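Work through the exercises below with the sequence and the structure at hand. Each task is followed by a solution in steps.

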Amino acid sequence: MSTTSNRSILEKADLAIADLTAGGGILKPTAAKRFLRLLIKQSVLMQWVTAVPMSAPEQSFPRIKFGDRVLRPDTGAALPLAQRSRPDISSVQLRSQRFKAEVWLPDDVLEDNLEQGELRQTIMTLLTEKIASDMEDVVINGDTASGDPTLAQLDGILKQAVSHVVDAAGAPLDKSLMTDMLKSLPSEYMRARSQMRFLTSVDAELDYRNSLADRETAAGDAYLESEKPIVVSGIRLAPVPHFPETLGAASDQTVALLTPPKNIYVGIRKRVKLETQRDVSEGVLKVVARMGFDVRYADENAVSKMINVQL
């Protein structure tokens, strides 16, 4: 590729970035909204959770519920003070942590997409594909005590689930263990059973699917021959790619969660910054994105975690 061609690619790529950003490399509001939509679309877990845009590094989102009985006998008079109900008004506090992503775009990729007029789409797609994967990893496996600097930025949903823990004690995932998870939750949460999901690793779901397929029935064949959803006690078992599969002494165990996915709040800063740098020797354009996010349960008491699940 000629020097002139390289210069042309760089100039057009910079123009494409400039068209997406405002002053200082900050994504324009419309581009930021599109970025967040693409980010959610590229992640398995993010499509199920409550994803909220944050306009500031720290933000709270109100949460209102009635915990006690509200219905009383109608005596024709005002209810006494002790029988009047007040909503439990709390908030989900999110504090975004700063992250940086760097994507290298080779000259041939840039050239092909310039010819097709799709450079902006290519830049956004390549960015969001990788960011979405890494972000899902942090949201799930984040641990401030981790030796991995990226995971140590915040505590993820596995670390935060502490109130209701079921120990599989080295047994594979089965219906009995998932029933134990259900029983570990306070009965008030059973009203929202249809909104719940069993979340676990890909291999754990495959193991359980294969155990169902071992049944010599038409239903068993369906689990083996198709992607038929697995439902246990009215709740779907959903595999999530970044759930760990190398836990335990022999690095062959995983975990599972039971909760309504909408109970998981992921706050993403709307302020996303893009910068570019040309590396002539490598023949690439480096696109650097800076962003922030955080994750919290709206109600951690509505979460059951199963540990030591054998794969």
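## Exercise 1: A charged patch

Lys33, Arg34, Arg37 and Lys270 form a patch of positive charge on the surface. The model is a predicted one.

Task: State which helix holds Arg34, and decide whether Arg34 is buried, partly exposed or exposed.

Solution. 
- Step 1. Find the element: Arg34 sits in helix 2, which covers residues 29-42.
- Step 2. Take the relative accessible area of Arg34, which is 34%.
- Step 3. Apply the cut-offs: buried is under 20%, exposed is over 50%, and partly exposed is in between.
- Step 4. Arg34, at 34%, is therefore partly exposed.

## Exercise 2: A salt bridge inside a helix

Task: Find the salt-bridge partner of Glu205, and explain how the two residues are placed along helix 7.

Solution. 
- Step 1. Glu205 belongs to helix 7, residues 202-213.
- Step 2. Glu205 makes a salt bridge with Arg209, and their closest N and O atoms are 2.8 Å apart.
- Step 3. The side chains of Glu205 and Arg209 are also joined by a polar contact of 2.8 Å.
- Step 4. Glu205 and Arg209 are 4 residues apart in helix 7, so about one helical turn separates them.
- Step 5. Check the accessibility: Glu205 has a relative value of 6% and therefore counts as buried. Both Glu205 and Arg209 are buried.

## Exercise 3: Other salt bridges

Task: How many salt bridges does the structure hold? Describe the one between Glu275 and Arg290, then the one between Asp294 and Arg296.

Solution. 
- Step 1. The count for the structure is 7 salt bridges.
- Step 2. In the salt bridge of Glu275 with Arg290, the closest N and O atoms are 2.3 Å apart. This pair links distant parts of the chain, with Glu275 in strand 11 (residues 273-279) and Arg290 in strand 12 (residues 284-297), 15 residues apart.
- Step 3. Glu275 has a relative accessible area of 32%, so Glu275 is partly exposed. Arg290, with 31%, is partly exposed.
- Step 4. For the salt bridge of Asp294 with Arg296, the closest N and O atoms are 3.3 Å apart.
- Step 5. Asp294 has 1% relative accessibility and therefore counts as buried, whereas Arg296, at 29%, counts as partly exposed.
- Step 6. A network of salt bridges links Asp143, Asp155 and Lys159.

## Exercise 4: A helix residue and a distance

Task: Is Ile131 buried or exposed, and what separates its C-alpha atom from that of Val103?

Solution. 
- Step 1. Ile131 is part of helix 4, residues 119-141.
- Step 2. The relative accessible area of Ile131 is 7%, so Ile131 is buried.
- Step 3. Ile131 and Val103 are 28 residues apart along the chain, and their C-alpha atoms are separated by 9.5 Å.

Key:
Residues are numbered from 1 along each chain as its sequence is written. This is a predicted model: local features need pLDDT of at least 70, side-chain atom pairs count only at pLDDT 80 or more; totals for chains, interfaces and linings use all residues. Side-chain values use heavy atoms; hydrogens and water are left out. Patches are made of residues with over 30% relative accessible area and no salt bridge: like charges are joined within 9 Å, nonpolar side chains (Val, Leu, Ile, Met, Phe, Trp, Tyr) within 5 Å. Accessible areas come from the Shrake-Rupley method with a 1.4 Å probe; for residues, only the protein chains shown count as cover. A salt bridge is a side-chain nitrogen of Lys or Arg within 4 Å of a carboxyl oxygen of Asp or Glu. Lys and Arg count as positive and Asp and Glu as negative; His and the chain ends are not counted. The place of a charge is taken as NZ of Lys, CZ of Arg, CG of Asp or CD of Glu. Buried means under 20% relative accessible area, exposed over 50%, partly exposed in between (1.4 Å probe, protein chains only). A polar contact is a pair of N or O atoms within 3.5 Å; within protein, one must be able to donate a hydrogen and the other to accept it, and residues adjacent in sequence count only if both atoms are side-chain atoms.
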